[in-house]
Amino acid sequence: MSANSAEPVGSLEVVLVKGGRTKIRYSAELLSDDGTRIVVRAPWAGDGVRDFGFVRFEPGDVFTEYYWRDRWYAVKEVRAATGALKGWYCDVTRPATLSGAQLVVEDLDLDLWRSADGTEVLRLDEDEFAESGLAGRDPAAAAAAVTALDELEVLATVAGGLESLLHDSTSPS
């Protein structure tokens, strides 16, 4: 059974932190939590349409979001209101923490996009990452972030790579 058809088991609030401040918070339905990987589903939480050029996020879009307590990234499967797969938006983050009904994720600026058909894999925001100063403040975290982006890129370019990661929480990191 895919996460998109799973029955919600509860709700929680996702809190995305960037640069020490809350960037966005939104309600999500908790689909599963196996102690390592947390899966939630939420509608597009932004205001209106956000056009990145390579994809548009808009009202009605549904995000099935995969977070790990032991990995430096989150992967979001993005579907249109019709159910059509748009692609995967991957955030490089510190490992997620769940406290009560609040899932806190620290965004480290690096992102990756993979289109639904797999023909487009884009590394994003490397300039923002460099400007963030993380490498100087926390070299170990910066190294982990770059390693996570490289791992995501490999998974995104191998047939079934991201999909197997999302449906098997035991795949290697």
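A polar contact is a pair of N or O atoms within 3.5 Å; within protein, one of the two must be able to donate a hydrogen and the other to accept it, and residues adjacent in sequence count only if both atoms are side-chain atoms. In this predicted model, local features need pLDDT of at least 70 and side-chain atom pairs count only at pLDDT 80 or more, whereas totals for chains, interfaces and linings use all residues. Residues are numbered from 1 along each chain as its sequence is written, and side-chain values use heavy atoms, with hydrogens and water left out.

**Glutamate 151**

A polar contact of 3.0 Å joins the side chain of glutamate 151 to that of tyrosine 73. Glutamate 151 belongs to helix H3, residues 139-157. Helices (H or I, at least four residues) and strands (E, at least two) are DSSP runs, numbered from the N terminus. Glutamate 151 is buried but has no salt bridge; the nearest side chain of opposite charge is that of arginine 71, 5.0 Å away. Here buried means under 20% relative accessible area, exposed means over 50%, and partly exposed lies in between (1.4 Å probe, protein chains only). As to charge, Lys and Arg count as positive and Asp and Glu as negative, while His and the chain ends are not counted. A salt bridge is a side-chain nitrogen of Lys or Arg within 4 Å of a carboxyl oxygen of Asp or Glu.

**Salt bridges**

The whole structure holds 17 salt bridges.

| Glutamate 58 | Lysine 86 | 3.2 Å |

Glutamate 58 and lysine 86 form a salt bridge. Glutamate 58 lies in the loop between strand E5 (56-57) and E6, and lysine 86 in strand E8, so the pair ties together parts that are 28 residues apart in sequence. Glutamate 58 is partly exposed, at 24% relative accessible area, whereas lysine 86 is buried, at 18%. Both residues also belong to a network of salt bridges that links Asp51, Arg56, Glu58, Asp61 and Lys86.

Arginine 94 is partly exposed, with a relative accessibility of 22%, and glutamate 106 is partly exposed at 28%.

Aspartate 150 is partly exposed, with a relative accessible area of 35%, and arginine 123 is partly exposed, with 28%. Arginine 123 is also 49 residues from alanine 74 in sequence and 14 Å from it in space, C-alpha to C-alpha.

Most residues other than glycine have a negative phi. Aspartate 109, although not a glycine, has a positive phi of about 80°. Aspartate 109 is placed in strand E10 and is buried, with a relative accessible area of 10%. Aspartate 125, likewise not a glycine, has a positive phi of about 65°. Aspartate 125 lies in the loop between E11 and helix H1 (126-132) and is partly exposed, at 24% relative accessibility.

Threonine 64 is part of strand E6 and is buried, at 1% relative accessibility. Threonine 64 and leucine 162 are 98 residues apart in sequence and 13 Å apart in space, C-alpha to C-alpha.

**The largest pocket**

On a 1 Å grid over the protein atoms alone, a pocket is an open set of points where a 1.4 Å probe fits, with protein on both sides within 12 Å along at least five of seven lines; lining residues have an atom within 4 Å of a point. The largest pocket contains about 570 Å³ of space, a volume being the space filled by probe spheres set on the grid points, which are joined across faces, edges and corners. Its lining comprises 27 residues, and Leu16, Lys23, Trp44, Arg50 and Phe52 lie nearest the centre of the pocket. Strands that each supply at least two lining residues include E1 (10-18), E2 (21-33) and E3 (37-43), as well as E6 (62-68), E8 (85-93) and E10 (102-115).

By class, the lining has 15 nonpolar, one polar and eleven charged residues. Ala, Val, Leu, Ile, Met, Phe, Trp, Tyr, Cys and Pro count as nonpolar, Asp, Glu, Lys and Arg as charged, and the others, Gly among them, as polar.
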